[in-house]
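This briefing is meant for a reader who is meeting the structure for the first time. Please look over the sequence and the model below before turning to the notes that follow.

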Amino acid sequence: MPPRHVPNSQKRPREYLTPKEVEELMKVARTYGRYGHRDATMILLAYRHGLRVSELCSLRWNQVDLDTGLLHVRRLKHGIPSVHPLHAPELRALRKLQRESVASPYLFVTERGSPMTTAGFRKLLSRIGSHSSLTFPVHPHMLRHGCGYKLVNDGHDTRSIQHYLGHKNIQHTVRYTELSPGCFSDFWQD
């Protein structure tokens, strides 16, 4: 008989990562393994742009404009494509990645020069998480949820977050406002 499926709520306390936890994962990624800069850059872009693991692994250099600081995001799952600004940390990381990587149309490649696979990134992030101080297992979609959670807590409106994350249906975006403690901050005025 196959093992019983354990609900996510029993595996981890929540389905998103905080900015501090993402920073720690990037720090561990830089020191763990031979391709620390690539791995940390993957975490940074997935988090900052709310990318699904398949969107992250399929990123190509022709989607990145380092001169104007723009990332052309092609969403999967029938999502809405958009153009995101790239900020200084991302631009520095991408320029360094471009200098150090083998020539490829893809941003993130393996040591053999082929594009990073979704399974490869899932395993990589899981290993990085196990080397961190996090006490729960980490998976790539937690970076996307962390992005939505942070944007809500920073006070951005739900409609803008919907377009940033590429959701066609705003109900998918509303889940981040449900997670936000910021909506309760004005309940008690001491």
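Predicted model: local features only at pLDDT ≥ 70, side-chain atom pairs only at ≥ 80, totals over all residues.

Helices, of at least four residues, and strands, of at least two, are DSSP runs numbered from the N terminus.

**Overall make-up**

- The protein contains 9 helices and 3 strands, and from the N terminus on its elements follow the order α-α-α-α-β-β-β-α-α-α-α-α.
- Of the 190 residues in the protein, 42% are buried.
- Among contacts with a separation of 6 or more, 61% are between residues 24 or more positions apart.

**Helix α3 on its own**

- Helix α3 covers residues 36–49, and its 14 residues reach 20 Å from the first C-alpha to the last, which is close to the 20 Å expected at 1.5 Å a residue.
- The buried residues of α3 are Gly36, Arg38, Asp39, Ala40, Thr41, Met42, Ile43, Leu44, Leu45, Ala46, Tyr47 and His49.
- Just after α3 comes Gly50, which takes a positive phi of about 60°.

**α3 against α7**

- The axes of α3 and helix α7, the latter formed by residues 141–153, come within 6 Å and cross at roughly 45°, and that angle makes α3 oblique to α7.
- The crossing of these two helices, α3 and α7, is right-handed.
- On the α3 side the contact is made by Ile43, Ala46, Tyr47, Arg48 and His49, and on the α7 side by Leu143, Gly146, Cys147 and Lys150.
- Sorted by class, the residues of the contact of α3 with α7 are 5 nonpolar, 2 polar and 2 charged.

**α3 against α5**

- Helix α5 is made of residues 88–100, and its axis and that of α3 come within 10 Å and cross at roughly 145°, in a crossing that is left-handed.
- From α3, the residues His37, Arg38, Thr41, Leu44, Leu45, Arg48 and His49 meet Pro89, Glu90, Ala93, Leu94, Lys96, Leu97 and Glu100 of α5.
- The residues of this contact of α3 with α5 divide into 6 nonpolar, 3 polar and 5 charged.

**α3 against α6**

- Helix α6, residues 118–130, packs with α3 at an angle of about 100°, with the two axes 11 Å apart, and α3 and α6 are therefore roughly perpendicular to each other.
- Arg38, Asp39, Met42 and Ile43 of α3 make this contact with Phe121, Leu124, Leu125 and Ile128 of α6.
- By class, the contact of α3 with α6 has 6 nonpolar and 2 charged residues, and no polar ones.

**The loop between β2 and β3**

- Lys77 is placed in the loop between β2, residues 70–73, and β3, residues 82–85, and has a positive phi of about 55° although it is not a glycine.
- Is Lys77 buried or exposed? Lys77 has a relative accessibility of 66%, so it counts as exposed.
- With a relative accessible area of 69%, His78 is exposed.

- Arg14 is found in the loop between α1, residues 8–11, and α2, residues 19–31, and is partly exposed, with a relative accessible area of 22%.
- Arg14 and His145 are 131 residues apart in sequence, while their C-alpha atoms are 9.9 Å apart in space.
- When neighbours within four places in sequence are left aside, Arg14 is in contact with Glu21, Phe136 and Met142.
- Gly129 lies in helix α6, and at 4% relative accessibility Gly129 counts as buried.
- Between Gly129 and Met26 there are 9.8 Å in space, C-alpha to C-alpha, although they are 103 residues apart in sequence.
- Apart from its neighbours within four places in sequence, Gly129 is in contact with Leu25, Leu134 and Val138.

Note on methods. Residues numbered from 1 in each chain as written. Heavy atoms only, no water. Axes fitted to C-alpha atoms, helices over the stretch in contact; angles between N-to-C directions. Parallel < 35°, antiparallel > 145°, perpendicular 65-115°, else oblique. Left-handed = near helix turned anticlockwise from the far one by under 90°. Contact = heavy atoms within 4.5 Å. Nonpolar A, V, L, I, M, F, W, Y, C, P; charged D, E, K, R; others polar. Expected span 1.5 Å × (residues − 1). Buried < 20%, exposed > 50% of the residue type's maximum accessible area, 1.4 Å probe, protein only.
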